[in-house]
Amino acid sequence: MSDLVVEARGLTKHFGAIEAVRGIDLDVPRGGCFGFLGPNGAGKTTTLRMILGQAPLTAGTLKVLGLPVPAAIREIRSRIGVVPQADNQDPDFTVVENLRMYARYFGLRPVQVADRIEELLHYLELSDRRNARTRELSGGMQRRLSIARALINDPELIMLDEPTTGLDPQVRHLIWTRLRQLKSSGKTLLLTTHYMDEAERLCDQLVVIDHGRIITQGSPAGLIREHIEPHVIELQGDASLVRSLAADMPGLRLVTVGETHYGYARELKPVLERLENTPGIKYSHRGANLEDVFLNLTGNDLRE
Ligand code: ATP
């Protein structure tokens with residue numbers, strides 16, 4: 001069995017004049033969670049769609065679970081689970097009917113299916129909504145149904161496109177717990193997300209994609225070490241005062257995003273001593289995180 005669940009070389013996708021994915025190389029190891037981060041329009045969903053055989057490659061080669069895309073796409077799909085960006089169950093079917101319909105698509109036997117559905121309803125805490133029509137479900141329940149559906153064929157690889165976007169904190173925590181359990185049971189997760197805290201919690205490895213290219217790759221902790229100073233001081237106060245203070249402190253790199261000023265520093269003590277003696281500026285400090293790395297690498301300009 002190959003140790004790589006996705007192996008891409010020179011993966012390229014053009015939509016007419018738009019170069020959505022520009023020749024990326026990817027090695028996704030078996031087991032654990034591999035994340036795709038990137039601003040809107042970076043090419044993440046297009047990459048996932050190529051892996052799923054939904055978008056033909058413009059150029060490059062791609063193997064999924066050791067099998068070539070598109071030649072072996074039927075077998076590949078039978079071993080993958082997909083949680084798409086938008087919940088797309090049939091609104092007039094009940095929860096159970098939606099799962100049954102999906103199980104039929106995979107050719108599972110009815111006896112197997114009944115047990116599997118019970119198990120999944122329990123796992124995603126949907127048992128008491130089993131006979132509700134999908135249109136009656138809250139956003140959080142619909143997303144849990146999407147995850148249950150993606151697991152119906154007991155897939156080796158689970159692809160999740162922004163699985164917790166728009167969900168409340170309780171549902172996000174339940175989904176994170178389930179995704180961690182899936183990882184521990186040996187599944188491979190491929191995840192896109194705009195939530196840096198989610199990527200830090202779940203991903204073992206991740207790539208940052210921008211303008212259709214991979215701009216960096218590593219573990220969350222490794223990327224933080226590599227790309228950013230360890231200390232972040234958030235500053236509030238008159239913008240010109242903040243700027244002149246920062247200009248006078250060689251150990252502080254100032255970045256302004258919207259109305260927030262972030263000071264990045266290798267040494268915390270001298271910065272705090274100076275701030276304590278500067279009236280008119282409020283500040284708080286914290287450790288650097290993946291969001292700092294992301295903004296540092298992809299800039300502060302709005303995308304699509
Ligand atoms: P988001 O975070 O907003 O989901 P993304 O990183 O997933 O963004 P993609 O959806 O892969 O980005 O889009 C990459 C580029 O390709 C964008 O410029 C997008 O407008 C374009 N694109 C994607 N799908 C199509 C399509 N079917 N036809 C034409 N252009 C497309």
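Q: In what order do the 6 strands of the open sheet with mixed pairing run, and what makes β6 and β10 its edge strands?
A: The order is β6-β7-β8-β3-β9-β10. Two strands count as paired if DSSP finds at least two bridges between them, and β6 (80-83) and β10 (213-218) each pair on one side only. From one strand to the next, the twist averages 15 degrees.

A quick note on the model: it is predicted, with local features needing pLDDT of at least 70 and side-chain atom pairs pLDDT 80 or more, while totals for chains, interfaces and linings use all residues. Residues are numbered from 1 along each chain as its sequence is written, and side-chain values use heavy atoms, without hydrogens and water.

Q: How do you know that β3 and β8 are paired?
A: β3 and β8 (residues 188-192) share 5 bridges in the parallel sense, and the requirement is at least two, so they pair. Gly35 stands opposite Leu191 in β8.

Q: Which helices lie across β3?
A: Among them is α6 (residues 169-184), which also lies across β7 (157-161) and β8, at about 140 degrees to β8.

Q: Why are α8 and α11 called oblique to each other?
A: Helix α8 (residues 220-227) packs on helix α11 (residues 290-298) at about 55 degrees, with axes 9 Å apart. Under 35 degrees would be roughly parallel, over 145 roughly antiparallel and 65 to 115 roughly perpendicular, with the rest oblique; the pair is therefore oblique.

Q: What makes up the contact of α8 with α11?
A: Pro220, Leu223, Ile224 and His227 in α8 meet Leu290, Val293, Asn296 and Leu297 in α11, contact meaning heavy atoms within 4.5 Å. These residues divide into 6 nonpolar, 2 polar and no charged.

Q: In the open sheet of 4 strands, why is one side of β2 and of β5 left without a neighbour?
A: The order is β2-β1-β4-β5, with antiparallel pairing. β2 (18-29) and β5 (67-68) stand at the edges, so each has a single partner strand. Helix α1 (residues 44-51) packs on this sheet, touching β1, β2 and β4.

Q: Is Gly43 buried or exposed, and how do you know?
A: Buried means under 20% relative accessible area, and exposed over 50%. Gly43 has 9%, so it counts as buried. This residue lies in the loop between β3 (32-37) and α1 and, leaving aside neighbours within four places in sequence, is in contact with Ala20 and Val21.

Note on methods. Axes fitted to C-alpha atoms, helices over the stretch in contact; angles between N-to-C directions. Helix = DSSP H or I, 4+ residues; strand = E, 2+ residues; numbered from the N terminus. Nonpolar A, V, L, I, M, F, W, Y, C, P; charged D, E, K, R; others polar. Buried < 20%, exposed > 50% of the residue type's maximum accessible area, 1.4 Å probe, protein only.
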